[in-house]
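Visitor: Could you walk me through this chain? I'd like to start with the overall layout and then get to the packing.

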Amino acid sequence: MDIRERPMRVLVPQASRTAASRREVHGALGGPHTLEDIERKHVRLVMASAPTLDKAARVLGIDASTLWRVQKKYGSGEG
């Protein structure tokens, strides 16, 4: 089967926020950002998409109490 004969498929992200989140995180990688900056952004993005602190902690691979301390470190409004 020639590639021109195959139907075109458009892959749409589940939510536009997810695609924007990926761009924001990937835009930071390799740039002039500290690990702390990248961690802060990543935690904020995961927290925004997770329904609970426990689920966000599971996604991040850390204990919920650790995530609580990370939030406290960065300020509750930032992640």
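Guide: Helices here are DSSP runs of H or I of at least four residues, and strands are E runs of at least two, numbered from the N terminus. The model is a predicted one, and on that definition the chain has four helices and zero strands, so that its elements run α-α-α-α from the N terminus on.

Visitor: OK, and what percentage of the residues count as buried?

Guide: Of the chain's 79 residues, 20% count as buried.

Visitor: Now the packing: at what angle do H2 and H3 pack?

Guide: Helix H2, residues 35–49, and helix H3, residues 53–60, pack at an angle of about 130°, and their axes lie 9 Å apart; the two are therefore oblique to each other, and their crossing is right-handed.

Visitor: Which residues make that contact?

Guide: On the H2 side they are His42, Val43, Val46 and Met47, while H3 brings Leu53, Ala56, Val59 and Leu60. By type, these contact residues divide into seven nonpolar, one polar and no charged.

Visitor: What does Ala56 touch, leaving out residues up to four places away in sequence?

Guide: With those neighbours left out, Ala56 touches Val46, Met47, Ala50 and Leu67.

Visitor: Switching topic, which residues make up the largest nonpolar core?

Guide: That core has nine residues in all, namely Val43, Val46, Ala50, Ala56, Ala57, Ala64, Leu67, Val70 and Tyr74.

Terms used
Residues are numbered from 1 along each chain as its sequence is written. This is a predicted model: local features need pLDDT of at least 70, side-chain atom pairs count only at pLDDT 80 or more; totals for chains, interfaces and linings use all residues. Side-chain values use heavy atoms; hydrogens and water are left out. Axes are lines fitted to C-alpha atoms, for helices over the stretch in contact, and angles run from 0 to 180 degrees between N-to-C directions. Angles under 35 degrees count as roughly parallel, over 145 as roughly antiparallel, 65 to 115 as roughly perpendicular and the rest as oblique. A crossing is left-handed if the near helix is turned anticlockwise from the far one by less than a right angle, and right-handed if clockwise. Contact means heavy atoms within 4.5 Å. Ala, Val, Leu, Ile, Met, Phe, Trp, Tyr, Cys and Pro count as nonpolar, Asp, Glu, Lys and Arg as charged, and the others, Gly among them, as polar. A nonpolar core is a set of buried Ala, Val, Leu, Ile, Met, Phe, Trp, Tyr and Cys residues joined through side-chain atoms within 4.5 Å. Buried means under 20% relative accessible area, exposed over 50%, partly exposed in between (1.4 Å probe, protein chains only).
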